[in-house]
Amino acid sequence: MRTLAYGSWPSPIDAALAAAHDGHPEYVGFVGDEAWWTEPRPAEGGRRTLVRRRADGTEEPVLPAPWNVRSRVIEYGGRPWTGTVADGQPLVVFAHFADQRLYAHRPGAGEPRPLTPVSPVGGGLRWAEPQLLPERGEVWCVLEEFTGDGPVDVRRVLAAVPLDGSAAQDRDRVRELTDDRHRFVSGPRLSPDGRRAAWLAWDHPRMPWDGTELLVAEVTDDGTFGEPRTVAGGPRESIAQADWSADGRLLYASDRTGWWNLYRDGEPLCPREEEFGGPLWKLGHRWFAPLAGGLIAVVHGRGATTLGILDPETGEVVDAAGPWTEFAPTLAVHGERVVAVGASPRSAHEVVELDTRTGRARVVGAPHDDPVDAAHYPEPQIRTFTGPAGREIHAHVYPPHHPACTAPGDQLPPYVIWAHGGPTQRAPLVLDLEIAYFTSRGIGVAEVNYGGSSGYGREYRDLLREQWGVVDVEDCAAVARALADEGTADRDRLAIRGGSAGGWTAAASLATTDVYACGTIIYPILDLAGWGAGETHDFESRYLETLVGPYAEVPARYAQRSPTEHADRITAPFLLLQGLDDVICPPAQCERFLSRLQGRRVPHAYIAFEGEGHGFRKAETMVRVLESELSLYAQVFGLNPPGVPTLELTK
C-alpha cells in the first residue's frame with residue numbers, strides 16, 4: 001500500500017472511461033421471440049440506437065447513425081419504439097429524435113420510411129408509446145401537438161397513425177382516438193379481446209405522482225372510442241400504470257394506501273408497505289407486466305427495487321435470484337419469458353431475462369464488462385440519518401476506496417454530497433463510474449435521497465410539498481454534518497453537487513448554509529418566478545404550485561427561496577454547467593444568476609455546451625464536466641490529482 005493524501009490517488013478510471021459507460025439500456029421489448037431495447041452511444045453524439053438479440057445470442061444495432069431512437073414528448077420523453085413480426089420479418093416503428101417523426105423500418109430492407117408529417121408550428125408533432133396493430137393497419141400512440149410557439153401551446157391526445165405512410169405528408173390522415181379534455185395522457189392499453197382501451201390522464205397543476213385518473217373506453221369495430229369513464233384515481237391518488245390480464249381484467253398500480261400497490265378490478269393483490277410503481281417521469285415506464293398464464297412480473301421494493309413474479313391468487317411474490325439489487329422501470333414479457341434491466345453496486349445496468357418456468361435469470365444483453373479491475377470500485381454503505389424534527393433521511397455513502405492506496409492516519413477525506421434531480425426521483429444503489437471517478441482518487445461521495453424522494457411511500461414524497469428549497473437543503477446538510485461529526489468526512493472539505501432539481505438544491509445550499517466549501521451546479525433551476533412564468537416546458541410549468549405554493553398566494557416565498565435573489569449570500573467557489581439547447585432549465589436562468597454575482601469576486605467558472613440539452617449525452621461534454629469538477633475540488637480542497645487539466649476560476 002502507498003500512503004498518499006486524499007485526492008491524489010492515481011486511478012485507472014479517467015473521465016473518458018466514465019463517459020464511455022454513461023447511460024444504460026432502456027425500453028425493453030419483444031419482436032417475435034427476440035428481445036430488443038434501446039441503448040446509448042455517447043461517442044456518437046449521444047444518440048440512442050435500437051439493439052436486437054438474435055436467437056443465437058448475438059447482439060446487433062438495428063439502426064446506424066444518425067438515426068436516434070428517442071421521443072421528446074413532455075421533453076423527458078417516453079417509450080419511442082414498438083415492433084412485431086409481419087410476413088416472417090421484423091417490423092419496427094420508432095420516433096427519430098431529430099425531427100420527431102414516426103418511422104417504419106424493416107431491418108435489411110432499405111431506409112426507414114416516415115409515417116407522420118413535420119409540423120412547422122412550435123415544437124411540432126411528437127409521438128410516444130407506439131403500439132402496432134397490423135390487423136387495423138395502424139399504430140396507436142400518444143400525440144403531443146404544438147399549437148403555437150410557446151412552450152405551453154400544446155395539446156395531447158391518443159391517436160392512430162396509418163401504417164401505409166399516407167399521413168407522412170398529411171396531418172389529417174392521423175385519426176384522433178380521444179379529445180384533448182385532459183392536458184396529459186399516457187398510451188392506451190388494449191384489452192385482449194380488443195373491445196376496451198385503458199389509459200391514464202391528469203391535468204395541471206398536478207404531476208402524475210400527485211394524482212392521475214384511470215380511464216376506460218369501449219372500442220368499436222371501426223376503431224373509434226366510446227365515452228371514457230374514470231374507474232380509479234383522482235386528485236390525491238396516483239395511478240402509475242395500467243394494463244390488462246390475459247383474461248381481460250384491469251390491473252393497475254395505485255398509491256391510495258400511501259404505497260403504490262397492485263390492484264385487479266379494484267381489489268388489492270399484494271398489499272405491502274413497498275412500491276410496485278413509481279413516478280411517471282417518462283411515458284411508458286413499466287413496473288409490472290402480466291403473463292399469459294395469469295402470473296404478473298413486477299419491479300418492486302422499498303428504497304431499492306427487485307424483479308419478482310406475483311401470483312395474484314395468493315398474493316405471493318417470488319423474487320428472481322441473482323446479483324442485481326436494482327431494476328429499472330421497464331419490463332417486457334413473451335410466453336414464460338420476462339425481460340428487464342438490472343444493476344448492482346458491482347455491475348452497471350444490463351438486460352436480464354427471467355424464465356418463469358425454471359426461475360433462472362441470466363444476462364442476455366448489454367452485459368456488464370469491467371473496464372478496469374473491480375477492486376477500484378467503491379464499496380457503498382446504505383445509511384439512514386436523522387434530520388430536523390427527527391425525520392429519517394436515506395442516503396448511500398461511498399467512502400474513498402483504492403486497492404493500493406491509503407491516506408495518512410491524521411487526515412480525513414473530502415466528501416461531495418450529491419443531490420439527485422426530479423426532485424421526485426431517487427438515487428439508485430448501482431455501479432456509477434462517475435462516482436468511482438472520485439472515490440478511486442480519494443474523494444468520498446454521499447448520495448442523499450432527501451425528503452420528497454420516491455421509493456419510500458407517499459408520506460415521504462409529500463415532505464417536499466411547499467418545502468422545496470427547505471427540506472432538500474436541510475437533509476443534504478444534515479447528512480454532511482453527520483459525516484463530519486462521526487469522523488467520516490473532513491468538515492472543512494465538504495462540497496455539494498447536483499443537476500436539474502439537484503442543481504437547485506446545490507445552489508440553494510450555497511446561498512443558505514455555511515456547510516460547504518464549494519459546489520457544482522448542473523443545468524439548474526435558479527429563479528423560481530422566471531422558471532414558473534413561461535421559461536420551462538409544459539409538463540413542469542405548474543410543478544412549483546406543489547413544490548413551493550401558488551405564486552399568487554405566496555409570491556414572497558418564490559423570492560425568498562430563489563438562489564438568484566440571494567446571490568449576494570454566496571461566498572463559496574462554484575462550477576456552473578449548462579446545455580445551450582436546454583428547454584427545461586434554460587440558459588437564461590444561469591445568465592441572470594451570474595449577472596447578480598458581478599463584482600462580488602466569488603471564484604467560479606461557467607461552461608455552456610453547444611448541442612446539449614437537459615442531461616449531457618456527448619462523450620466529450622461529459623469528459624470536460626468531470627475533469628472541471630475534479631479541478632474545482634482540487635483547488636478548493638488543496639488536492640493534487642495527477643493528470644487533470646486546471647479549471648480557470650474567475651472572479
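Which helix and strands are included in what covers the buried residues of H9? In this predicted model, the cover includes helix H6 (528–535), strand S38 (574–579) and strand S39 (604–609).

## Helix H9

Helix H9 runs over residues 587–597, and its buried residues are Pro 587, Gln 589, Cys 590, Phe 593, Leu 594 and Leu 597. Viewed along the axis of H9, these buried residues fall within an arc of 155°, so they line one face of the helix.

## Overall dimensions

The chain contains 10 helices and 39 strands. Its radius of gyration is 24 Å, close to the 26 Å given by the globule rule for 651 residues, so the chain is as compact as a globular protein of that length. The C-alpha trace spans about 75 × 55 × 50 Å along its principal axes.

Of the 651 residues in the chain, 63% are buried. Among contacts with a separation of 6 or more, 59% come from residues 24 or more positions apart.

## Nonpolar cores

The largest nonpolar core has 118 residues, and those with the most contacts inside it are Ile 417, Trp 468, Tyr 516 and Phe 574. Helix H4 (residues 471–485) gives the most to this core, contributing 7 residues. Another core, of 42 residues, lies apart from it and includes Ile 13, Val 372, Leu 433 and Leu 575.

Leaving out residues up to four places away in sequence, Tyr 516 touches Ile 417, Cys 476, Ala 477, Ala 480, Leu 494, Ala 495, Ile 496, Ser 509, Leu 510 and Ala 572.

## Aromatic pairs and charges over rings

The whole structure holds 27 aromatic pairs. In one of them, the ring centres of Phe 609 and Phe 616 are 5.3 Å apart with the planes at 65°, so the pair is edge-to-face. Phe 609 has 7% relative accessibility and counts as buried; Phe 616, at 11%, also counts as buried. The rings of Tyr 633 and Phe 637 have centres 5.9 Å apart and planes at 15°, so this pair is stacked. Tyr 633 and Phe 637 are 4 residues apart in helix H10 (residues 619–637), a separation of about one helical turn. Tyr 633 and Phe 637 are both buried.

Ring pairs also link Tyr 76, Phe 184, Trp 202, Trp 209, Trp 281, Phe 539 and Tyr 543 into a cluster. Two arginines sit over rings: Arg 441 lies over the face of Tyr 437, 4.2 Å from the ring centre, and the charged end of Arg 461 is over the ring of Trp 260, 4.1 Å from its centre.

## Backbone exceptions

Most residues other than glycine have a negative phi, and most peptide bonds are trans. A cis peptide bond joins His 204 and Pro 205, with omega about 0°; Pro 205 lies in the loop between strand S16 (196–202) and strand S17 (213–218). A cis peptide bond, again with omega about 0°, joins Gly 422 and Pro 423. Pro 423 lies in the loop between strand S34 (415–419) and helix H2 (433–439).

Glu 75 is a residue other than glycine with a positive phi, near 65°. Glu 75 is placed in the loop between strand S5 (59–61) and strand S6 (81–86), and is buried with a relative accessible area of 16%. Ala 389, also not a glycine, has a positive phi of about 60°. Ala 389 is in the loop between strand S31 (381–386) and strand S32 (392–398), and is exposed with a relative accessible area of 88%.

Notes: Residues are numbered from 1 along each chain as its sequence is written. This is a predicted model: local features need pLDDT of at least 70, side-chain atom pairs count only at pLDDT 80 or more; totals for chains, interfaces and linings use all residues. Side-chain values use heavy atoms; hydrogens and water are left out. A nonpolar core is a set of buried Ala, Val, Leu, Ile, Met, Phe, Trp, Tyr and Cys residues joined through side-chain atoms within 4.5 Å. Buried means under 20% relative accessible area, exposed over 50%, partly exposed in between (1.4 Å probe, protein chains only). Helices (H or I, at least four residues) and strands (E, at least two) are DSSP runs, numbered from the N terminus. Contact means heavy atoms within 4.5 Å. The arc is that of the directions from the helix axis to the C-beta atoms. Rings of Phe, Tyr and Trp (its six-membered ring) pair if their centres lie within 6.5 Å; planes under 30 degrees apart count as stacked, over 60 as edge-to-face and the rest as tilted. A charge sits over a ring if NZ of Lys or CZ of Arg is within 6 Å of the ring centre and within 35 degrees of the ring normal. The radius of gyration is taken over C-alpha atoms; the globule rule is 2.2 Å times the number of residues to the power 0.38.
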